[in-house]
Amino acid sequence: TYQRVWTEEGVGDGMKDVIAVVVQPAVEFGDEQVFDYDPAAAVDLCAALKEFPDICFEGHSTDYQTATDLYNMVTDGIAILKVGPALTYGLREALFSLSMMEKELVPRRKKRANFIETLDAVMLASPANWEKHYHGDEKHLAQCRKYSYSDRARYYIGQARGGGRHEQAVRQSPRVPHPDEYAPPVYAHQLRKDPRGQAEARPARAGSMDGIVQFMLDYESAV
């Protein structure tokens, strides 16, 4: 269709500069669920690539797909995998873990960062980036602001107030020990790297980045 329309408009040679076409290969995610890639459902779509050997597909919304699903997508010709919310979701998850550890380990007399509460306050003060995406009663909206796969919180983490609390949480974490029994589930992959329980020696900032890396590794294994 693109080739026909461009040729009709006298710019048919422009197709030579196209390397990919964005498609939605039946993968998607909502606030609470993920629709996994089904190779059988994408057979007809991927078969169209045979007519254009120099073009691949760019898969839209591949976030939260399993490593196997991502590999199958690449094998089927969906070679460019668009990802965004999953990475910031991983960062948010790691930062929340730091905040939870802070509550357990930092004495009350010390000033905590309270990153979770501060981020939510920032989102409530400027709802434009989430209010049209989340629906339901107040309890559900509060859960979505924190845990939705859509991760609209990503628009707020870098803001001055939210970002400042994030920096404080990261700075405070190395000051106290991180025994295994206090490590939230998101840090389980770090403990598996060091089963003798030396995770407390790992810088908190590196732990935050691991929240992103755990998703990136699935994409790396797919190509």
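Select Phe 96, which counts as buried at 2% relative accessibility (buried is under 20% relative accessible area, exposed over 50% and partly exposed in between, with a 1.4 Å probe and protein chains only). This is a predicted model, in which local features need pLDDT of at least 70, side-chain atom pairs count only at pLDDT 80 or more, and totals for chains, interfaces and linings use all residues. Residues are numbered from 1 along each chain as its sequence is written, and side-chain values use heavy atoms, with hydrogens and water left out.

Next, show the aromatic rings. Rings of Phe, Tyr and Trp (its six-membered ring) pair if their centres lie within 6.5 Å; planes under 30 degrees apart are stacked, over 60 edge-to-face, and the rest tilted. The count by this rule is 10 aromatic pairs. In one of them, Tyr 89 and Phe 215 have ring centres 6.5 Å apart and planes at 85°, so the pair is edge-to-face. Tyr 89 belongs to helix H4 (residues 85-105) and Phe 215 to helix H9 (residues 204-222), 126 residues apart; helices (H or I, at least four residues) and strands (E, at least two) are DSSP runs, numbered from the N terminus. Tyr 89 is buried at 11%, and Phe 215 is buried at 16%.

Finally, select Phe 29, Tyr 64, Tyr 89, Tyr 149 and Phe 215, which form one aromatic cluster.
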